[in-house]
Amino acid sequence: ELVNTIRKDSTIFDYNVRQALGKSQKPFQEMEDTMNDPKRKQQFWKFNNGITAVCDSFKKIGINPASYEIKNFKIVNGRQTTYFLEKNEDILGDTVVGLTLHATDDDDEKERISRYTNTQTKVSSIDLHTINPRVEALESQCRTRYKKYFFEGQTNAFSSLPIKDQRNY
């Protein structure tokens, strides 16, 4: 349904600050890898940030199946995801994609939603290792055995501490 909506409405990305980045980008490759793995394909909605959209209003008009009337639907974040869906419609099947929809008739608020959802700080690959159990264990051991030292397992972890806590090291 989403792919059909995108193809029918040429203004759907009017509030989106970026267009599709193309197949050469890492997110596209990761989505493709997920969709080509039968087990992970069912978890696509968990691994993908989904789509953020704004609209003037929406209301439920049907119960079984659930259906909604949405006025002035605009996608503000998730162009890489929607581009992937468009280019891979033949393998989507019953893939689920997350959608966050904000209803507001305030154009300034719509613009801010678009701007803020498109400017989060990029996570570096080194920071992704902080959730590894071995790194967590190492950090814990350093904290208990070597109290004079600070284990910085995440970018800017030390500088994010309050000054009074930094003085302990």
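A residue counts as buried with under 20% relative accessible area, exposed with over 50%, and partly exposed in between (1.4 Å probe, protein chains only). Keep that in mind as you click along. This is a predicted model, where local features need pLDDT of at least 70 and side-chain atom pairs count only at pLDDT 80 or more, while totals for chains, interfaces and linings use all residues. Residues are numbered from 1 along each chain as its sequence is written, and side-chain values use heavy atoms, with hydrogens and water left out.

**Start with the whole chain**

Show the protein as a cartoon. You will find ten helices and five strands; helices (H or I, at least four residues) and strands (E, at least two) are DSSP runs, numbered from the N terminus. Of the 169 residues, 29% count as buried.

Now colour by pLDDT, the predictor's confidence in each residue, from 0 to 100. The average is 84, and 89% of the residues score at least 70. Among the elements, strand β5 has the highest mean pLDDT (96) and helix α8 (residues 125-128) the lowest (69). Where pLDDT is low, the predicted coordinates should not be read in detail.

**Select strand β1, residues 51-55**

Is this strand mostly covered or mostly open? Five of the five residues in β1 are buried, so the strand is mostly covered. Show the side chains: Ile-51, Ala-53 and Cys-55 point one way, and Thr-52 and Val-54 the other way.

Strand β5 (residues 99-103) runs parallel to β1, joined to it by five bridges. In β5, look for Leu-101, the bridge partner of Ala-53. Strand β4 (residues 74-77) runs antiparallel to β1, with three bridges between them. There, Asn-77 stands opposite Thr-52.

**From Asn-77 to Arg-115**

How far apart are Arg-115 and Asn-77 in sequence and in space? They are 38 residues apart in sequence and 8.9 Å apart in space, C-alpha to C-alpha. Arg-115 has a relative accessible area of 34%, which means that this residue is partly exposed.

**Select helix α5, residues 79-87**

Eight of the nine residues of α5 are buried, so this helix is largely enclosed by the rest of the structure. The buried ones are Arg-79, Gln-80, Thr-81, Thr-82, Tyr-83, Phe-84, Leu-85 and Glu-86.

**Look into the cores**

A nonpolar core is a set of buried Ala, Val, Leu, Ile, Met, Phe, Trp, Tyr and Cys residues joined through side-chain atoms within 4.5 Å. Select Val-3, Phe-28, Met-31, Met-35, Phe-44, Tyr-83, Phe-84, Leu-85 and Leu-92: these nine residues form the largest such core. Helices α2 (26-35) and α5 (79-87) are the elements that give two or more residues to this core. A second, separate core has seven residues, including Ile-6, Ile-12, Phe-13 and Ile-51. In soluble globular proteins, nonpolar side chains tend to be buried together.

**Finish with two rings**

Rings of Phe, Tyr and Trp (its six-membered ring) pair if their centres lie within 6.5 Å; planes under 30 degrees apart count as stacked, over 60 as edge-to-face and the rest as tilted. By this rule there is one aromatic pair. Phe-44 and Phe-84 form this stacked pair, 6.3 Å centre to centre with 20° between the planes. The pair links distant parts of the chain, with Phe-44 in helix α4 (residues 44-47) and Phe-84 in helix α5, 40 residues apart. Phe-44 is buried, with a relative accessible area of 2%, and Phe-84 is buried too, with 0%.

Terms used. Two strands pair if DSSP finds at least two bridges between them.
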